Amino acid sequence: MRELAYDIVCGTLEGEGHSDELLHTAFRLNTGLSSQQKRFLKNLSYGTIERCIELDAILNQYSRVRVHKMEQPVRTVLRMALYEIRYMDQVPESASCNEAVELVKRKGAGRYASFVNGVLRTLVRQKDLLEVKKDWVKLSLPKELMDHLTAGYGKKTAGKIGKAFLEHHGEVTLHIRTDRITVADYGKRLEDAGMPYCAGHYHKDALILENASDIRELPGYEEGLFFVQDESSMLPVLCAGIQPGYTVIDVCSAPGGKAMHALMALEGKGQLLARDLGRRKVSRIRENMERMQFTNVVVQEWDAVRTDPANKEKADVVIADVPCSGIGIIGRKPEIKYHALEQAASLIPLQRKICQASAELLKPGGVMIFSTCTVNHAENEENVQWMEENLGLMRESLDGYLPEELRNKMTGRGMLQMLPGIQKSDGFFVARLRKPCTDGGR
């Protein structure tokens with residue numbers, strides 16, 4: 001297990017891999033793994049990536065060599081072993097130390113085996129004294145990201161957001177296909193399979209599983225009785241007010257969750273065009289549509305910044321869930337935190353180009369749903385303001401579409417910002433904007 005975890009941690013922190021993709025690849029290539037082994041693999045790899053800043057700060061206190069100067073196999077193994085010692089109480093400390101020494105040997109750095117052993121034995125002896133003092137290190141957030149969240153939401157809320165990222169324990173939210181099975185009946189299937197769950201917080205068709213390491217093992221997967229979708233990601237379709245017979249275009253659709261939600265709202269009437277850029281993303285959409293057995297959908301490879309004369313003013317609803325910095329989903333994809341801010345600035349021009357092209361697809365009177373999975377004013381509220389000023393779109397209240405507990409002054413003005421640690425969800429932003437009718441009406 002540790003060697004598989006090493007590949008995930010190294011591929012993510014030292015390379016350009018994504019933790020979720022690397023984990024799923026490990027599951028796919030190692031079909032004999034038990035559920036317990038899968039949980040161990042996920043906890044160790046994700047936990048090490050998530051806590052890297054804190055782990056490095058502690059290692060720097062007890063090692064004569066700074067972490068960034070260590071050879072790559074050494075720092076990766078030390079990070080993993082320290083995470084086990086500090087956060088995985090079910091693993092004997094002696095096993096963590098011994099396995100780390102053997103692993104560093106297998107990774108071609110055996111000359112550092114005694115060094116690794118010495119550092120870890122010291123950490124075990126000092127286990128009860130290990131601590132970090134700075135808030136951003138305790139939360140294992142880059143200082144510049146902590147400062148950014150504090151500037152945007154205040155110190156107290158920033159602390160709650162950072163804490164919520166760390167408290168995300170791998171919960172998986174299922175969107176139940178209620179035209180095939182009731183939520184209660186599917187819940188009974190989970191109970192019979194010995195899988196604990198709870199009801200969704202904001203959406204009646206959602207069930208939350210505590211620790212599902214591989215969704216392919218869940219009952220009804222092959223039957224297409226559910227798809228994975230966080231409740232925050234259900235908001236765009238909820239706020240779109242889609243009715244049977246509508247034409248809907250989802251311009252950045254992969255992996256297809258919002259498109260499938262929209263198809264449920266269409267009830268087999270109308271049409272949905274699900275688009276994304278790149279064969280890999282389009283293949284993921286098609287795979288999900290086929291498993292869920294959805295029809296009246298066209299899946300298409302298309303760059304969302306391109307104008308599309310063939311579909312100009314054809315859509316009743318356009319869903320523009322644009323590429324973003326992803327700060328809101330750090331709890332699920334912890335590596336995002338290490339590059340989020342530098343990516344955000346470069347993404348804003350792209351987001352606006354997508355919105356401009358998307359607005360052209362709307363019928364007069366049509367609705368654009370703009371959304372991101374970030375908590376960054378520049379990518380969210382400022383983009384909405386730009387659309388009002390440059391595209392002629394008009395915000396509309398979300399209050400008629402949201403559960404009462406999510407309504408506030410901001411939703412009355414057509415926008416909702418979900419914050420981890422404040423709401424029970426990922427960080428997410430959604431806005432509803434309407435294209436004026438040519439006669440000035442709606």
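Modeller: A pocket is an open set of points on a 1 Å grid over the protein atoms alone where a 1.4 Å probe fits, with protein on both sides within 12 Å along at least five of seven lines. This is a predicted model, in which local features need pLDDT of at least 70 and side-chain atom pairs pLDDT 80 or more, while totals for chains, interfaces and linings use all residues. Residues are numbered from 1 along each chain, and side-chain values use heavy atoms, without hydrogens or water.

Colleague: How much space lies in the second largest pocket?

Modeller: A volume is the space filled by probe spheres set on the grid points, joined across faces, edges and corners. For the second largest pocket that space is about 460 Å³.

Colleague: Which element gives the largest share of the lining of the second largest pocket?

Modeller: The lining (residues with an atom within 4 Å of a point) has 24 residues, with His-168, Glu-171, His-201, Lys-424 and Ser-425 nearest the centre of the pocket. Helix H10 (155-167), strand S1 (172-176) and strand S3 (206-209) each give two or more residues to this lining. The largest share, 3 residues, is from H10.

Colleague: Does Asp-321 count as buried or exposed?

Modeller: Asp-321 is part of strand S8, residues 315-321. Buried means under 20% relative accessible area and exposed over 50%, with a 1.4 Å probe and protein chains only. Because its relative accessibility is 16%, Asp-321 counts as buried.

Notes. Helices (H or I, at least four residues) and strands (E, at least two) are DSSP runs, numbered from the N terminus.
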